[in-house]
Structures are given as structure tokens and as C-alpha cells.
Amino acid sequence: MMAMAAITTTLTLTSCGSDDDGNDTSDGASILAADGKTLMGNLTGKQTLEEGEYILGGTVIIENGGELTIPAGTTIKATKGFSSYILVAQGGKLYANGTSSQPVTFTSGEATKKAGDWGGIILNGKAPISGAGAEGTNTANAEINNAYKYGGSDRADNSGALTYVNILYAGARNTADIEHNGLTLNGVGNGTKIQNVYVLESADDAIEFFGGTVNVTNLLAVNPDDDMFDFTQGYKGTLSNCYGIWEDGYTSTEEDPRGVEADGNLDGNGVDHVGQSDFIIDGMTIINNTVDGNTTTGQKNAMDDVIKVRRGATATIKNTLVASKGGGTVTINITTSSFSYTNEKVVDYVDKTNPDKNVVGQGTITLTNPSASNAGANTSVFAWTNYSFPTLN
């Protein structure tokens, strides 16, 4: 990880009670500019926006003690660039309170939208992460802003709630080592509520868990440039009902995109660290509807691995369906071994393999035996996104 100074632009309006435009603030400065539309700066108190459309004009940081509430039906359009993101610091809270009929939408403000237009959403919590010290004593600096730490000992830490939220065209990059995801969860505790989230075309991972204990339910990831579901640095929680897809014709610019990438410690640099990743995925579908063989320089449309568990990680993966268009190769890479299937649906791994399941220093995985009727993720719960799911024959 490369060090980077905080990139923030602070624009504050001192306010007590309610702003003239009806957006409610208390206990600190507003992050709403004088135009009543632009969000930018550091929030130290509590602020509730009115339903409507806003511009994310740069970095918004919800500081320790700050709370930002975004009501159902609100759309926030981000200006283009790496410094256009929302970061919730330890002790801060973000409440994006969408509903199935009125989700909260974070998207690019560009006329022609594409992956990497803006930074995305980052939550920094106080839950444990892996490290050289005793469990609960380790902290780290956020990759995109080293001024803000995450990690600690509070498994039940609360960073707010994201419910019925769209995160579209995020993942802006500063360097190859400093890049955003759609949703980044840094040491986030299980007191945080994350349910019903749609991440579309993120330039890096759709979602990445850096340690923590937060549970995420009903996550749809469409066309991430790198990994769909990434776990690292001691994550200990459950991801339930997740669906990841590369659509027909999609290409990635990454060298090793995966459906699932799981590391026990951060980037494999802490083989002896305590508190390594040990998590559950329950109800997952991964679809690669591209066709192998794209020869475009610098792009690929074959996943490196559909599932890769390595570097000391332990995972329990249940009720999983993997499909590859036209019988393309599906690779599950566990520990030091890998195996491939060329059938279109893979619903039962454990009886067909058992490759070196307990290699010291590499990782272990338990793949449960679903029934023959296993269908992976339940797509009906994503009806609110209006996404058109492919038929799997």
C-alpha cells in the first residue's frame, strides 16, 4: 500500500437547526454548499438531506461523531475523479435509507457514464482485522486516504446502514496500488446494516471486505472490472444471497479478475498474523456470459478463477451455482491446487475434488453439498433494481 495524503476539499456552512432549503443540520457544519445542491467537505455533526438530486462535488468525510442521513428516492451524482468519494470515518455513520420502490442512488454525473468515473463509498469501522498484534489490537490506514484508520476490538461497531442502494460507475484509480471499489468495508462491525445493494460497473472490485465482522445480504454485482466479491485482512462475517455476472461482450482490463478472491491476511504479507479471514458465503451465483478468446490487447474476458481461496483464508461456501457461457472453463482454485469443469453449471464441488484441503499457510475451504435443485442466489429479491437476469439452461 502506498502512502497518500488526505484528499479533501472542505466547504462548510455553520448552521444550527434547519437550513433555509429544508435540509436539517445540527451539532456542526453542513456539507451542503450555498447552491443547495453540492455536497462536499467534512461532517462533524448530524445532517439529514431532503429527498432530491445532489452533486457530489469532491470528497465527503463523515467524521467521528458525524451522521449523514440520505432519504429514499435521493440521487447523488458524482463529479468525475479519484477525489470524488464518500468516506465514513471510525465513529461516523452513514444512513442511506432507500426502499424497494425508492432506492438511494450514487452514480456518475458524466453525460456518458463509465466504470471508474468516481470513487465510491468507503466505511471505516472499529471491528477486528488481522495483524501482527493480538486480535483486537490491530489497526491500518485506509488505502485511499491514509489519514483515516480502521480496525480495533469492537465486533459490534456500527457505521450506519445502507439499504436499497445503487452504487453505479465507481472505482476511480489513483495508481495501481491506490484504487477505489464500488463499496469498500474497512474493519466494519456487525452493528452496521447492509442489505439490498446493487453495484454496477465498478472499475475495481464490486465490494471488498478488509477485515471486520459486518454481514451483507442481497448483493448484486454486474460487470466489475476486477473481482466481484473480495475478502482480505481477517474478514469474519457472512455474505448472503449474492449474484455476480459478467454480461455478454464484457471485457476486463485487469490481469486476474475473479468471482471470489479470498485472502486470510492483507495481500499475503502476514502469513503469521493472527485473526485471519474465516467467513461464510451462503447462496451465491457467479455467471460468466462472455466468451473466451478475446485478443484485444490489454483486455480479457475469461475469469482467472471463479473462486480463489488462498493465503491463510478459511471459507465455508454454501448453496453455490456457477455458470459459464457455451461450456467455458470454470476454475476453482483452492490452496495450491486447482480444478476445472467444462459443464455449464457447477452446483456440487465437494464430492468431485478435495484437493489438499489443509495445506499449512495456504488456506482451507469447506464446500457443502447442495441438493440437485440448488439454484444459487435468489434473484427475485433484486426485482427493485430492474435488472434483467439471463436464463440459465
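The questions and answers below concern a predicted model.

Reader: Which residue's side chain makes a polar contact with that of Gln47?
Author: Gln47 belongs to strand 3, residues 46–48. Gln47 has a relative accessible area of 1%, so it is buried. Its side chain has a polar contact of 2.9 Å, and the partner is the side chain of Ser30.

Reader: How many aromatic pairs does the model hold?
Author: Rings pair if their centres lie within 6.5 Å. By this rule, the count of aromatic pairs is 13.

Reader: What is the geometry of the pair formed by Tyr243 and Phe389?
Author: The ring centres of Tyr243 and Phe389 are 4.7 Å apart. Planes over 60 degrees apart count as edge-to-face. For Tyr243 and Phe389 the angle is 80 degrees, and the pair is edge-to-face.

Reader: How many residues apart in sequence are the parts that Tyr243 and Phe389 tie together?
Author: Tyr243 sits in strand 21, residues 238–246. Phe389 sits in the segment after strand 29 (363–367). The pair therefore ties together parts whose separation in sequence is 146 residues.

Reader: Is Tyr243 buried or exposed?
Author: Under 20% relative accessible area means buried. Tyr243 has 3%, so it counts as buried.

Reader: What is the relative accessibility of Phe389?
Author: Phe389 counts as partly exposed. That class lies between the 20% and 50% limits. For Phe389 the value is 22%.

Reader: What angle do the ring planes of Tyr387 and Phe389 make?
Author: Tyr387 is buried, at 15% relative accessible area. The ring centres of Tyr387 and Phe389 are 5.0 Å apart. The pair is edge-to-face because its planes stand at 80 degrees.

Reader: Which residues do ring pairs link into a cluster with Tyr243?
Author: Tyr243 pairs with Phe389. Phe389 also pairs with Tyr387. Ring pairs link Tyr243 into a cluster with Tyr198, Phe382, Tyr387 and Phe389.

Reader: Which residue lies over the face of Tyr54?
Author: The distance to the ring centre of Tyr54 is 6.0 Å. The residue over the face is Lys37.

Reader: What is the volume of the second largest pocket?
Author: The second largest pocket is lined by 10 residues. Among them, Ala115, Ala203, Asp225, Tyr250 and Thr253 lie nearest its centre. The volume of this pocket is about 160 Å³.

Reader: How many charged residues are in the lining of the second largest pocket?
Author: The lining has three nonpolar residues and three polar ones. The number of charged residues is four.

Reader: What phi does Tyr164 have?
Author: Most residues other than glycine have a negative phi. Tyr164 lies in strand 13, residues 160–168. Tyr164 is partly exposed, with a relative accessible area of 23%. Although it is not a glycine, Tyr164 has a positive phi of about 50 degrees.

Reader: Where is Glu201 found?
Author: Glu201 is not a glycine, yet it has a positive phi of about 50 degrees. Its relative accessibility is 24%, so Glu201 counts as partly exposed. Glu201 is found in the loop between strand 17 and strand 18 (207–210).

Reader: What distance separates the C-alpha atoms of Val199 and Pro224?
Author: Val199 lies in strand 17, residues 193–200. Val199 is buried, at 1% relative accessible area. Val199 and Pro224 are 25 residues apart along the chain, and their C-alpha atoms are separated by 8.1 Å.

Reader: How many residues apart along the chain are Gly58 and Ala78?
Author: Gly58 is part of strand 4, residues 53–62. At 6% relative accessibility, Gly58 is buried. The C-alpha atoms of Gly58 and Ala78 are separated by 7.7 Å, while the chain places the two residues apart by 20.

Reader: How far apart in space are Asn319 and Ala377, C-alpha to C-alpha?
Author: Asn319 lies in strand 25, residues 313–324. Asn319 counts as partly exposed, at 29% relative accessibility. In sequence, Asn319 and Ala377 are 58 residues apart; in space, C-alpha to C-alpha, the distance is 7.8 Å.

Reader: What is the C-alpha to C-alpha distance between Thr107 and Lys77?
Author: Thr107 sits in strand 9, residues 104–108. Its relative accessible area is 6%, so Thr107 is buried. Thr107 and Lys77 are 30 residues apart in sequence, and the C-alpha to C-alpha distance is 5.0 Å.

Technical notes
Residues are numbered from 1 along each chain as its sequence is written. This is a predicted model: local features need pLDDT of at least 70, side-chain atom pairs count only at pLDDT 80 or more; totals for chains, interfaces and linings use all residues. Side-chain values use heavy atoms; hydrogens and water are left out. Helices (H or I, at least four residues) and strands (E, at least two) are DSSP runs, numbered from the N terminus. Buried means under 20% relative accessible area, exposed over 50%, partly exposed in between (1.4 Å probe, protein chains only). A polar contact is a pair of N or O atoms within 3.5 Å; within protein, one must be able to donate a hydrogen and the other to accept it, and residues adjacent in sequence count only if both atoms are side-chain atoms. On a 1 Å grid over the protein atoms alone, a cavity is a set of points where a 1.4 Å probe fits but cannot get out, and a pocket is an open set with protein on both sides within 12 Å along at least five of seven lines; lining residues have an atom within 4 Å of a point. Grid points are joined across faces, edges and corners, and a volume is the space filled by probe spheres set on the points. Ala, Val, Leu, Ile, Met, Phe, Trp, Tyr, Cys and Pro count as nonpolar, Asp, Glu, Lys and Arg as charged, and the others, Gly among them, as polar. Rings of Phe, Tyr and Trp (its six-membered ring) pair if their centres lie within 6.5 Å; planes under 30 degrees apart count as stacked, over 60 as edge-to-face and the rest as tilted. A charge sits over a ring if NZ of Lys or CZ of Arg is within 6 Å of the ring centre and within 35 degrees of the ring normal.
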